[in-house]
Structures are given as C-alpha cells and as structure tokens.
Amino acid sequence: MPSDVPSPPSVSILPLEARAVSLEAGGKRLIKDLNFTLEAAKSTIVLGPNGAGKSLLLRLCHGLLKPSAGEIVWRGTRGRDPTPYQAMVFQRPVMLRRSVAANIDYALALRKVPRAQRRNLIEDALHRTGLEHFARHPARVLSIGEQQRLALARAWALTPEVLFLDEPTASLDPNATHVIEQVIAAFDAAGTKIIMTTHDLGQARRLADEIVFLHQGRALEISTADDFFAGPIDASAQAFLRGELLWRTPDP
Ligand SMILES: Nc1ncnc2c1ncn2[C@@H]1O[C@H](COP(=O)(O)OP(=O)(O)O)[C@@H](O)[C@H]1O
Ligand SMILES: [Mg+2]
C-alpha cells in the first residue's frame, strides 16, 4: 500500500516490541535491556515486587517516558501515530472537579470526538462500569473504587485498541477489586489488548494469558501464564511465586 494512503482503522498498531530498552535516571539504571514482543491476542500481566520497575515499564510502552537506549516500536502502525489507539489507567485516578459524565466528556473532547457522538459513548461507558446513577455526581466525591471505575469508563469511551493499567486495584478492597476485574474482562472480551501491572499473584492468575516477570529492572521471565504458574525457570520468579520477599541486591 502506498504510504500516503491512510490505513483503515481495522489495521492493528500491534504487536508492540521493546528493543533493547533501558532507562536511566538519577545516575541509576532503572530499566535494563528489555526485549519482548506483545501480540494482540493475549492479556499481558507485568508481575513483580514493589520497586521492580513495573510502572516505569508501562510508562515507557505508553510513550510517557523516553528510553535512554533502545526503542519501543508499534509494529502495525504503518506510519500512523499510535497515541490515539491507546489509553492508560493509573494506580491513583486523577479526576477533574466536574461531574462524572463531564469527566468522560472531557476525555472525548481531548480526542476530538464530535459532540454529537459523545453522548452515546458516555452512556455506554457509564453502563459498562455500573456508574449510571453517578452521572451527575461530582467526580471527586466518589469513593476510590468508584473513581477507579470512572477512570475505566473514560478509557472505555475512547474504545482503545490497547489499554495500559498500572496496579488499578492496589488500594481497593476485594469487592471493589472484583468489580474492576470484571470491567477489565469486558475490555478483553471487546477485543482490547490488556497490558497491566500487578504485584498480586492471585490477580495475575485470574487475568493473565502471558506474564512478564520483572525484578530490579530486568525482565527475568517472559512466558505464557500456564507455564509461569506451573513453575518458572528463573529463581527469583520461583521465590516470588512462593510468596517470599525479594530483596534488591546491589548491581554489579
Ligand atoms: N525519576 C526517578 N528517578 C530515580 N529513581 C526512580 C525514578 N522513578 C522511579 N525510580 C525508581 O525506580 C524503581 C522502579 O520504580 P517503579 O517502576 O515505580 O516500580 P514498581 O512500579 O515496580 O513498584 C524504584 O526503585 C523507584 O524508586
Ligand atoms: Mg508501580
């Protein structure tokens, strides 16, 4: 296809490839030589202890951070800007001082979605996340679990091809966690590629097709969830799976 003809939106920006990606900050190597390819079909969970570099990895993939070396490549873009095909939900949602519906509307306006289309998208997103009755409530009075659902509703309205989630249930109780996991499963069922971090083994078992195990900035194991939970090869991953605390060791 000639490069000046826009690709149809049905062409995926995936797979996502990390090529020898490293990140340095404050004189430290925080992310070390990451190499992987993430395909459309599988939900990917980035698993690892606190401080492993999970959030940094997600920010690198989403384009919020630039690698110090190596590159992040969206192999399917065919010259398109990959940004509008992605959404990200953070550990602590940030809401505008507006109503729940207006928060979603704002996200759509930023993406230049015509006003006439926004109402249906907002209604569908509120419905998907069980927030219909909160539409006119100020977003900032919602509980943390409801705010996280609103963050997912904002993402849903954008119909992303790829959804990044950074420990979206880290501060939630089991009930609120269950609701969030159901919404994540709905994204997956709708064809959205999930790339999510967690330090919660149970959550990884429930949601992952594929595991990237991260420790001290390195991807020590990348495998199917079945293989990973049947018994990882890497010793740190084995210890993590046994529930042992992993300590940071000084870098050579
Ligand atoms: N801007 C920065 N400068 C220096 N160190 C940082 C910076 N951002 C993160 N770190 C460090 O990098 C490591 C990985 O951080 P992070 O990705 O947040 O871990 P995780 O999400 O796995 O808990 C941590 O030790 C953190 O303190
Ligand atoms: Mg983190």
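Which strand and which helix each supply at least two residues of the shell around ligand 1? I looked that up first, and found strand E2 (28-38) and helix H1 (54-62).

**Ground rules.** I keep in mind that this is a predicted model, where local features need pLDDT of at least 70, side-chain atom pairs count only at pLDDT 80 or more, and totals for chains, interfaces and linings use all residues. Residues are numbered from 1 along each chain as its sequence is written, while chains are lettered from A and ligands numbered from 1 in the order in which they are written. My helices (H or I, at least four residues) and strands (E, at least two) are DSSP runs, numbered from the N terminus.

**Ligand 1.** I listed the shell, taking a residue as near if its C-beta atom, placed from the backbone, lies within 6 Å of the molecule. Around ligand 1 I find Ala-25, Gly-26, Lys-28, Leu-30, Gly-48, Asn-50, Gly-51, Ala-52, Gly-53, Lys-54, Ser-55 and Leu-56. H1 gives the largest share, three residues. By type, I get four nonpolar, six polar and two charged residues in this shell. For these classes, Ala, Val, Leu, Ile, Met, Phe, Trp, Tyr, Cys and Pro count as nonpolar, Asp, Glu, Lys and Arg as charged, and the others, Gly among them, as polar.

**H4 by itself.** Next I went to helix H4, which has 14 residues. From first C-alpha to last, H4 reaches 20 Å, close to the 20 Å expected at 1.5 Å a residue (the expected span is 1.5 Å times one less than the number of residues). Is H4 largely enclosed or open, and why? I find H4 largely enclosed by the rest of the structure, because 11 of its 14 residues are buried. Buried means that 20 or more other C-beta atoms lie within 10 Å of a residue's own, exposed means 12 or fewer, and partly exposed is in between, with C-beta atoms placed from the backbone. Among the buried ones I noted Trp-156, Leu-150, Leu-152, Arg-149 and Arg-154. Their cover includes strand E5 (86-89), helix H2 (100-110), helix H3 (115-128), strand E6 (162-166) and helix H5. Just after H4, I saw Thr-159 with a positive phi of about 40°.

**H4 against H5.** How do the axes of H4 (residues 144-157) and H5 (residues 174-189) cross? They come within 10 Å and cross at roughly 5°, with axes fitted as lines to C-alpha atoms, for helices over the stretch in contact, and angles running from 0 to 180 degrees between N-to-C directions. H4 and H5 are therefore roughly parallel to each other. In these terms, angles under 35 degrees count as roughly parallel, over 145 as roughly antiparallel, 65 to 115 as roughly perpendicular and the rest as oblique. I then wrote down who makes the contact: Gly-145, Gln-148, Arg-149 and Leu-152 of H4 with Ala-176, Val-179, Ile-180 and Val-183 of H5. Contact here means C-beta atoms, placed from the backbone, within 7 Å. The contact residues divide into five nonpolar, two polar and one charged.

A reminder to myself: most residues other than glycine have a negative phi, and most peptide bonds are trans. I noted that the peptide bond from Leu-14 to Pro-15 is cis, with omega near 0°. Pro-15 lies in the segment before strand E1 (16-25). Lys-112 has a positive phi near 65°, and I place it in the loop between H2 and H3. Lys-112 counts as exposed, because it has 7 C-beta neighbours inside 10 Å. Glu-167 has a positive phi of about 40° without being a glycine; its place is the loop between E6 and H5. Is Glu-167 buried or exposed? I count it as buried, since it has 22 C-beta neighbours inside 10 Å.

I looked at Asp-81, in the loop between strand E4 (69-74) and E5. Asp-81 and Ile-13 are 68 residues apart in sequence and 9.1 Å apart in space, C-alpha to C-alpha. Gly-79 also sits in the loop between E4 and E5, and its C-alpha is 9.7 Å from that of Ile-13, 66 residues apart along the chain. Ala-41 lies in the loop between E2 and strand E3 (44-47). The C-alpha atoms of Ala-41 and Gly-191 are separated by 8.1 Å, at 150 residues apart along the chain. My last entry is His-127 in helix H3, with its C-alpha 8.6 Å from that of Ala-153.

Terms used:
Two residues are in contact if their C-beta atoms, placed from the backbone, lie within 7 Å.
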